[in-house]
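Dear colleague,

I am handing over the structure that you will be working with, and below it I set out what was found in it. Please keep the sequence and the 3D view open while you read.

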Amino acid sequence: MCGIIAVADSRNAVPLTATGLFALQHRGQEAAGIVASDGSRLRVLTGLGLVDEAFPEGSLKALTGSYAVGHTRYATSGDGDLRNAQPLVFEHVHGPLAIAHNGNLTNARTIRKKLETRGAIFRTSSDSEVIIHLTARHPGPIEDAVIAALRQVEGAYSCLFLTPTKLIAVRDPLGFRPLVMGRIGKARVFASETTALELLGARFERELEPGEMVIVEGGRLRSLKPFPAHGRSAFCVFEKVYFARPDSVFGGRTVQTDRQALGAELAREMSEIAADIVVPVPDSGVPHAMGFSRASGLPLEVGLVRNHYIGRTFIQPGQAARDMAVRLKLAPVASVLKKKRIVLIDDSIVRGTTSRRIIGLLRRAGAREIHMAIASPPIVAPCFYGIDTPSRAELIAATRSREAIRRFLGADSLTYLSIDGLLRATGGTAKDTCTACFTARYPTPIVDFEEPGLIGSEAGGPAADQKARDARDQARDADEEDIYI
Ligand code: AMP
């Protein structure tokens, strides 16, 4: 998770980049930053919080130049403090160099340890700094140094590098994270999602291909394919399920449309639906519920209202406080829900704790039956490529049977979408999509995380003794009500 954007060859590079960051705010809310080049120097400004908090009125005047790179940060690797806010700027053997990175490397810790034992001193705890250290060990020029560095890392990266005279945009060979390019007149724009181009009035040109590097220098653009071909790509399907903005377009398909298709596919897969209404969990489940409603013929009702003025849920210890946090965010509409048989739609279940509280709210509001329907498959494995998922132990579907999850949620029934349905609805195939969170099949080695028992087993392996697991789960439900918080 993180949003990146760059504008090259524009007098308005800095204000355009800052504006574009607003369209990438959903990709990261912990910090934001912009680096600009005036042709000889790089100047950077970073701040904690949302884009408008990070750049107080007037602060961007300190940045000038016709090249700029911006970043919104969601910490999936490294601490959430300002030190790790990107773009990171370094003075090294090749001169000033900035990096803005979206994605997670899966061998950064291993490389970092090696470099540290040879005397390297790191300034941040971010995996992106490993790339910079590797570039400094190459004689250059800078694009060759970047290629040499990226050939040594594994995992997910869509990156923007800035020197005083060059912008380099690059996508990892499997293309886990998105990166698109467009134009405003002569200016070039690169961004994580097309919604940022739309906001700036830029014309969409194309997505960078997996493994492509584009260099903008002196008003000209060069494209290279510097990495060995993998014979497949691995675009993150969770971008389509949950993470990306619904108005963004990937591979010619609008995310909103794919989400509706996920809901429609789910309705087709549910054999019998004895219910009165379809209710989305707002906001993430709304398009999925629209698709479900259309395909099933059941009316869509707003049974939950979201309060948009509550910032991030302030989670306090204790059941009562946590229930209050959910009630602050979501209010049930009792007249819609009373005595109704409800299909409750959300895009995904991670720990199950939010869904459980929402079901509690609906019951207290008088719902007769609640059938939880999830428009993606069970999340059985952590993401090592940049989506914030907890460890396997905290993923409810990695450790519990379907029936145990249903009981934990307090739903009358629980249905998930199949993997085939997921791929059908999003237009993907096993050869061009990363489904690791749903299948535990990781498209790259995950060097840093290969501890025994961390990946897969119960979800992908042979079926465990179901009765024994159910009994264990039931005992755990009773003993440790809120173990997943
Ligand atoms: P829970 O019931 O606690 O598993 O929470 C499920 C909710 O979390 C769903 O509404 C999802 O849209 C949302 N969600 C899914 N993935 C993430 C994520 N990586 N970060 C934050 N929220 C997420």
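Before anything else, a word on terms: helices and strands here are DSSP runs, numbered from the N terminus, and two strands are said to pair if DSSP finds at least two bridges between them. Please also bear in mind that this is a predicted model.

Seven strands, or 7 in the notation used below, form an open sheet in the order 3-2-4-1-10-9-11, and the pairing is antiparallel. Strand 3 (42–48) and strand 11 (203–207) stand at its edges with a single partner strand each, so one side of each is left without a neighbour in the sheet. From one strand to the next, the twist of this sheet averages 15°.

Several of the pairings can be followed residue by residue. Strand 9 and strand 10 run antiparallel and are joined by 5 bridges, and within this pair valine 180 has alanine 191 of strand 10 as its bridge partner. The hairpin of strand 9 and strand 10 has 2 residues between the strands, and in this hairpin glycine 185 takes a positive phi near 60°. Strand 9 is also joined to strand 11 by 4 bridges, again in the antiparallel sense, with arginine 206 in strand 11 as the bridge partner of methionine 181. Strand 10, for its part, pairs with strand 1, where residues 2–8 and residues 187–191 meet in the antiparallel sense over 4 bridges; here valine 7 has valine 189 as its bridge partner in strand 10. Helix 1 (residues 13–22) lies across strand 1, strand 2 (31–37), strand 4 (67–73) and strand 9 (180–184), running at about 20° to strand 4.

Strand 20 (residues 341–346) and strand 21 (residues 369–374) pair in the parallel sense over 6 bridges, and the bridge partner of aspartate 346 in strand 21 is isoleucine 374.

Which residues come nearest to the ligand, of the 16 around it? They are Asp346, Asp347, Val350, Gly352 and Ser355. A polar side-chain atom of aspartate 346 lies 2.6 Å from an oxygen atom of the ligand, while for threonine 354 an N or O atom in the side chain is 2.9 Å from a ligand oxygen atom. Threonine 353 takes part through its backbone, with a polar atom there 3.2 Å from an oxygen atom of the ligand. On its own the ligand has 500 Å² of accessible area, and the protein covers 84% of that. Helix 7 (237–243) and helix 12 (353–364) are the elements that give two or more residues to the shell around the ligand, and the largest share, 3 residues, comes from helix 12. By class, the shell has 6 nonpolar, 6 polar and 4 charged residues.

Finally, some points of backbone geometry deserve a look. Most residues other than glycine have a negative phi, and most peptide bonds are trans. Against that background, the peptide bond from glutamine 86 to proline 87 is cis, with omega near 0°, and proline 87 is found in the loop between strand 4 and strand 5 (88–92). A cis peptide bond also joins proline 282 and aspartate 283, with omega at about -5°; aspartate 283 is in the loop between strand 17 and helix 9 (286–296). Cysteine 2, which has its place in strand 1, has a phi near 155°, a positive value in a residue other than glycine.

With best regards

Technical notes
Residues are numbered from 1 along each chain as its sequence is written. This is a predicted model: local features need pLDDT of at least 70, side-chain atom pairs count only at pLDDT 80 or more; totals for chains, interfaces and linings use all residues. Side-chain values use heavy atoms; hydrogens and water are left out. A residue is near a molecule or strand if one of its heavy atoms lies within 4 Å of it. A polar contact is a pair of N or O atoms within 3.5 Å; within protein, one must be able to donate a hydrogen and the other to accept it, and residues adjacent in sequence count only if both atoms are side-chain atoms. Accessible areas come from the Shrake-Rupley method with a 1.4 Å probe; for residues, only the protein chains shown count as cover. Ala, Val, Leu, Ile, Met, Phe, Trp, Tyr, Cys and Pro count as nonpolar, Asp, Glu, Lys and Arg as charged, and the others, Gly among them, as polar. Axes are lines fitted to C-alpha atoms, for helices over the stretch in contact, and angles run from 0 to 180 degrees between N-to-C directions. Contact means heavy atoms within 4.5 Å.
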